[in-house]
Amino acid sequence: MTIFLTLILLILVTVSIWQVTKILELSQPKVQSSQIADDSDNQTQGKLMFAFLIFVYGLTIFSFWMWGDVLLPNAASEHGSEYDNLMWATFSVIFFVQTITQALLHYFSYKYRGEKSRKAFFYADNDVLEAIWTIIPTIVLAVLILFGLYTWNDVMFVEENEDALMVELYAQQFNWKARYGGEDNVLGDANVRFLQDFDGKNLVGIDATDPNGLDDIIVQELHLPVGKEIIFKMRSQDVLHSAYMPHFRAQMNCVPGMITEFAFTPIRTTEQMRMDPDIISKVRKINEIRKVNSVELIANGEEALEPYIFDYLLLCNKVCGASHYNMQMKIIVETEQEFNKWIKNQQTFAQFVQ
Amino acid sequence: MSTGSINAKEEEHAHHHKETFITKYVFSQDHKMIAKQYLITGLFMGFIGIAMSLLFRLQLAWPEKPFGIFEILLGKWAPDGVMDPNVYLALVTIHGTIMVFFVLTAGLSGTFSNLLIPLQIGARDMASGFLNMVSFWLFFVSCTLMLSSLFVEAGPAAAGWTVYPPLSALPQAQPGSGTGMTLWLVSMAIFIASSLLGSLNYVVTVINLRTKGMTMTRLPLTIWAFFVTAIIGIVSFPVLLSAALLLIMDRSFGTSFFLSDIFIQGEVLHYQGGSPVLYEHLFWFLGHPEVYIVLLPALGITSEVLATNARKPIFGYRAMIASILAIAFLSTIVWGHHMFISGMNPFLGSVFTFTTLLIAIPSAVKAFNYITTLWKGNLQLNPAMLFSIGLVSTFISGGLTGIILGDSTLDINVHDTYFVVAHFHLVMGISALYGLFAGVYHWFPKMFGRMMNKNLGYIHFWVTAICAYGVFFPMHFIGMAGLPRRYYTNTNFPYFDDLANINVVITVFALIAGAAQIVFLYNFIHSMFYGKETEQNPWQSNTLEWTAPIEHFHGNWHGKIPHVHRWAYDYSKPGHDEDFIPQNIPLKEGEEELQH
């Protein structure tokens, strides 16, 4: 139905453009249209320029009003708030500059629309002005750069840390696996050469001769204890993938033949996040949309969509082939006790391949 | 002027050699004809590229819905009208490749560098007409190869326009990495050869063939932009060529430049010791300067069109040149900002953040200078002028979000999301397209001796301008919400369900924008044959191309080449009756040449 309406809309727009052209052509029958703008064109187009400024502002306000709630999902990692502060600081600078410059640009286009009788003001140069708008951006950018680098160093330099939990994220077309270091919290050596050992049961290619690997635990669902630093080691067995965890402000590519790393500390459990008012209203909104979509599906004899419950996500964010769009893994952040209980029930590598 | 003397000798030559249909219209060595060939080929490719984007926009707004048009256009790749995920990726890939390289590099720079360099510097033709011709025909061959890849059995390249290995290197990884990718790489290699021949020619011509009096600081900013663009191209395109060649070796000859430790489809491959990150470095060493290869000519055109139609000198001529040079220099040392999370050392991330944000300074200078050029002008708001103003607007909107993406920290969460798509489409896609349109409207009389229809031009601009923001403004929102790009559908993530209606809005605007381009196409073709005949200098412009006769012949000027006595921007100069003084008019007695 929506498609049909859109198509009709498109046809109408096309027809109306064509009609408007015809009218414009007919309204000036004597003059063969040249491209040179006369005074009346300048009048109209100048006013349209001003109207366009209002359109740009209007679109901005409309978008924030309609969709402002989808921007930056609530941060759930320790560095998340630092990231968000930097983002909003940068955003306000951008917003300010955008508002002023667009206003000047379009207002001048309107104000100084041409007239035959007028002559432009010959004004070729002004060193003071040039200096001003070189120095001010320099200062603003210097502040942003310093602020940014400070945060970057904080986030990216992973220090080996006894207390941190070691987790490997293992990517392949088109799914994720996670590996924990087990009792010793050390990830055993691994390489794709070992993938075919144990009749293919060596899911991430652990080197069975490395004693550190025997107690490793491989799972399809990522569990993380809250409040503990997690050091991720990323691997890929085939093509580039990217481990993207938007709620944790975390992303790192997974590169075949290389181990990349990223670390963060989750600060909110999945349960806590589900109780967050923003998330509650988001989930409610999504479920309303799903209910509406289900009506159509049921009418077509298909199954209704399941209601949505919030969960953290790990997505693939580097194009990796046909099913790239469905390469995901659920992340569950829980209390340390829950986590320990869960991991005790998982098979170790040694148990699994036996 | 030592350079002037070369032309002075050439002026004696008679330029009325006989031309057949083949030498005049097909294998022409006349820069004006080559420019037209570039333009028409570029526009043709552009319409294919835009049509592709509309197809995948339909899929994104109404995922997995059957569309009759898919079945008609995509055939077996859209069984029952439902687009296949591989085809979605192929469309995205080829759309990007076509728009970036074939339309905005060759179509824009190829057209206007060829048309304007000889005409605006006062030369009879390019330094080498023959190389110029070869350059165009290599471009044509590469277009043909790229389009032919659409018809191979397993489909065209589908690894994204950046074709990162291993995805692009291994036919097992996706169907598009078979013959389609081979054709893509060969086509690009030929394209690079074409681009290099063109660029060398532009640089040599600008340095050597300027007419008497045309010092570097009297050159119109268009020429400065084309000149510097050509230099960036010469510096960076060979690196992409090497990346393409190494990738071909990895694909076909078993080397391991970019590949290591790969297990795919139940098999361990022999590759050892290579790194995909190396490819990323090589690719983006071109890839980032490429943004400026696309953008600088558009900015050059804007400078010229804005000044002419504001009837005012461009504000801060020297600052404009300095900012072009600064952008060009910085553009070669910022490529790493595409790779903050590629796994390279985080320290490099800090360095690239620093250099990247520096680029914002010359860009800001340019934007402010454009705005000041409009101040107290006498603006002639014809379609070319509207597109130039539009360019400044999208250049600012798109450029500002670059501050977020160029900051390594902020990039972590928006990298490869729709935020990036929105950013680069505004700042280089739409801006450069506006530059292309401004150029076409402004120099159409020079190219075809006729005028385009003004009212159709106005409709074209306003519909495009509204839709461009309508498409890309909301796109920032879905990107900030964390929606990754290059997803065939988002329905597998209920979390993104509340973004579905934004995607519908974007697609509707995109479809209308696409329709508006048909207005342009009609105007372009119709005016070529039936447009109003132009006078010699319709815009009352100062630059030399308007002193040449309307009719085209090899050699550009009858008799002597005009000499230059002033810069290109003496508009509304006090003490003169006319509000423009072409560059070939000598200074009046007692008139001071501006110390710009």
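Which residues point one way from strand 1 of chain A, and which the other way? In this predicted model, A:L165, A:V167, A:L169 and A:A171 point one way, while A:M166, A:E168, A:Y170 and A:Q172 point the other way. Both sets are buried.

The neighbours of strand 1 of chain A come next. With strand 5 (residues 230-236) of chain A, strand 1 pairs in the parallel sense over seven bridges, and here A:L165 stands opposite A:I230. With strand 2 (residues 175-180) of chain A, the pairing of strand 1 is antiparallel and runs over six bridges; A:V167 stands opposite A:Y180 in this pair. Strands 1 and 2 of chain A form a hairpin, with two residues between them. A:Y180 also stands opposite A:I217 in strand 3 of chain A, and three bridges join strands 2 and 3, which run antiparallel.

Five strands of chain A form an open sheet in the order 3-2-1-5-8, with mixed pairing. Strand 3 (217-219) and strand 8 (260-264) of chain A stand at the edges with a single partner strand each, so one side of each is left without a neighbour in the sheet. From one strand to the next, the twist averages 25°.

Turning to the two chains together, 124 residues of chain B are in contact with 115 residues of chain A. On the side of chain B that touches chain A, the residues divide into 78 nonpolar, 32 polar and 14 charged.

Definitions and conventions:
Residues are numbered from 1 along each chain as its sequence is written. Chains are lettered from A and ligands numbered from 1 in the order in which they are written. This is a predicted model: local features need pLDDT of at least 70, side-chain atom pairs count only at pLDDT 80 or more; totals for chains, interfaces and linings use all residues. Two residues are in contact if their C-beta atoms, placed from the backbone, lie within 7 Å. Ala, Val, Leu, Ile, Met, Phe, Trp, Tyr, Cys and Pro count as nonpolar, Asp, Glu, Lys and Arg as charged, and the others, Gly among them, as polar. A residue is buried if 20 or more other C-beta atoms lie within 10 Å of its own, exposed if 12 or fewer, and partly exposed in between; C-beta atoms are placed from the backbone. Helices (H or I, at least four residues) and strands (E, at least two) are DSSP runs, numbered from the N terminus. Two strands pair if DSSP finds at least two bridges between them. Axes are lines fitted to C-alpha atoms, for helices over the stretch in contact, and angles run from 0 to 180 degrees between N-to-C directions.
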